[in-house]
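Here's a quick tour of a few local features worth a look. Have the structure open as you read.

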Amino acid sequence: MIDILKKIRKIVSSKSQEKAETILSLKEKYAKFQKLLAHNNAFLKKLAYLNEHIHADDAINWNILKAFLEEMKGEVREIITTLNELSNNKYTNLFERFDHISSAIDQLILKYEEIPESEYIIPLSKITKDMVIKVGGKSANLGEIRNALKVPTPDGFAVTSYAFKKFLETRNLTEPIKKLISKLDPNDLEALEKTSQEIQALILNSSLPSEIEDAIEREVERLCSKGIQSFSVRSSAIFEDSELSFAGQYNSFLNVKPSEVTEKYKEVVASLYNPRALFYYRKMGFPEGRKAMAVVIMEMIDALAGGVIYSTDPNAPNQKQILLSAVWGLGKCVVEGTITPEVHILDKSSLKTIKQKIPLVEVMLVCRPDGTIEEVPVPEDKRGKSCLTEDQIKALAQYALAIENHFGSPQDIEWAVNRDGKIYILQTRPLMVLEGSEREMIAPPVFDNYRILIREGDIACRGIGFGKAFVLLEDKDLKNFPQGAILVAKKTSPKFVTIMDKASAIITDVGCSAGHMASLAREFGVPTIVNAEIATKVIMDDQEITVDAINGIVYEGKVLELLEFTKKSKPKRQTELQKTTEKLLRLVVPLNLIDPSEPTFAIDFCQTFHDITRFCHEKAKDEMFMLSEESEEVGEARRLISGIPLNMLVIDLGNGTTGTGRTIRPEEIRSIPFLAFFRGLSSLRWPDPPPVDAKGFLGLIATTVTTPEQELRERGLESYAFLAENYMNVALRLGYHLSTVEAYVSDNVNDNYIRFLFKGGGAALERRLRRVRLINEILKRLDFSVKVVNDLIDAELAKHRRNVLENRLEILGRLTVFTKQLDMVMYNDTITNYYIEKFIKEHMQEIIN
């Protein structure tokens, strides 16, 4: 403390020109501090935004996240740079920590977005679940169950995502497509349609690179040599059939002739950019770099029967049941929701059928030798009868459980039975199981005092919805769907994905809870009833209705009693996007550097961006606290004329004072923290030295005798105040006591702090320690964090509102006057306690918040 006062004395005795040069450097230093605070606040605002949105139920937008991370990198880099400018490059090692964390973030982003180089073709016999980036979700899952579980699947191969990438790059399509997509508003359905057509035309009008076309044709010939004469060409995009289903968003082709496979491959690739898929990608915020289409090409199974099996009931997982949906012929109509299937509900433990429903279905889909799919009548002798035997039902349930156990989560499985009665698994993907408390799983009562429009329907997604009905006549009318309406349609369609984020509920006449649209409804958490049969007949457009998608009931009007059930259910499972986001945020958000007094509060222990900003903020305050000591010259100082016995010189760092001249009065001071501190200094009568006992007097003499002559001379120095509008740094000399009070007070809570350093006294050590105890006790009651070493006090109060800090500064001013030479009378602990309570009663209670 004495050293600081020596430095200040040197400052004000310098030549005028040197003073002018140094006053600029001091102002620059304060400006650097302000700049660091601004970047720190910008970082903290982005941090708060991420915390708020990442933990919300809404889908995480990857592109927004990436932009935020890049901006936060910039803020942290500027904070480090500014701290080093402020400290004469004391902390250059921070750049190494920053680069290490930034590199880890970049690697995670690259790993998530990058399409790895691979072969163009990979047979299903060589594919595992870990190859999802190479072959897409559908192929990876199919290869996994084929090779790990030996589950029967059709023979086939995947055309990789790398082949897709090379196709677009070779034909110079990548940049034009990116440019078209970058302008898209996912809520502008007309623009979405137009952009989709433009992109798909670019792809369909481009020829495949010969090396990709040749690789596909060679593999098709290999399969044809094994007797396979017809193929299915199905989408297998990177995110498809993973944590998000993309159910029905892309094109797939069945019963494809060998000569048509390569052309159908191009059509599947182009479907990556169809309107509903573009909407889904943009709405879910997926990275452009991972928008890639792998394609799985398999033997076409000429199905006697087909359908879908859920290894768990997605709407009631606690019931431990398996849901099996089946139709005669191809199972395509089950997932598309065009035919109402038969349904079998099985107990998971015993695999016994608990309930079954077999509707009278008159048509089915079959493969024709010419490569077409035809709708034909169901034979008379099969109508109203199950398309599956008991053994086949049990076998399908066993496959479902085995696949669920292998992947560790409920599964949505497509299957087929060929003409010889052999079962094939065509696809498996994670099933969106909705979470909910036990209360939410209990069905609400039926309210007969309201008019019921529909009493029966199949539940695709549980929940309650209220709004005005939007009766859909044509798909093109979806662009007019209003926020909060309830969609009423004849049949289900994956196209409804474009309005699911706006819909309060969905009702369809025809459909299946195992279809594509049902999967999408569960992803978006939209209460949905399918197979309601008469919805479009009994519900009028613009009619207010309440949908109970728990009991399968639709009411006319608003059913107030159901409002408590209106919370939408959400999927439990984290997506790959969410997992990657969490890994990224672990490098940004956590704060490990808590206590500046700990040895671990050091550069080497900065593990996150938040740690770096915390470290820099603390060290920047330290630099400002030592402002007078670090500066060589401060230029002209103005003597404070205040009416109190305080010998103080004032140095303006910027907007801290007004006026000119060699003296300054309190009314010319603008510094917010100093004005509060001065109110305290001037609110009490400055006391004369209190009466001292003999021991106190002898202690004073002893201290004086043992103090070097130079130090005694230094004790005659003035006090100094470095002021700015929001800042003060006051080096205060009162008798034998030296203290520094630093504060930053603004409307931004994150910037605000007070630091108080006290040392000295003329009495013996015992009495000085009692004075320290008094100050320590009062500071703690003011919520300061206090550290005491012998007769040195170091206290801080941070991140409080402006009015709180102004109050505390006023109290510190009062405490300064109150304790002037008080250690002379601190001859026992009782008198110390008396003065503590006296100050609290007389000088704290009236202004403390």
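## A strand residue with positive phi

Asn255 sits in strand β4 (residues 253-256); strands here are DSSP runs of E with at least two residues, helices are runs of H or I with at least four, and both are numbered from the N terminus. Asn255 isn't a glycine, yet its phi is positive, at about 55°. It counts as buried, at 6% relative accessibility (buried is under 20% relative accessible area, exposed over 50%, partly exposed in between, with a 1.4 Å probe and protein chains only).

A word on the source: this is a predicted model, where local features need pLDDT of at least 70 and side-chain atom pairs count only at pLDDT 80 or more, while totals for chains, interfaces and linings use all residues. Residues are numbered from 1 along each chain as its sequence is written, and side-chain values use heavy atoms, with hydrogens and water left out.

## A loop residue with positive phi

Lys150 belongs to the loop between α5 (132-148) and β2 (156-159). Its phi is positive too, near 60°, and it is a residue other than glycine. Lys150 counts as exposed, because its relative accessibility is 64%.

## Helix α13

Buried residues of α13 include Ile393, Leu396, Ala397, Ala400 and Glu404. Just after α13 comes Gly408, with a positive phi of about 80°.
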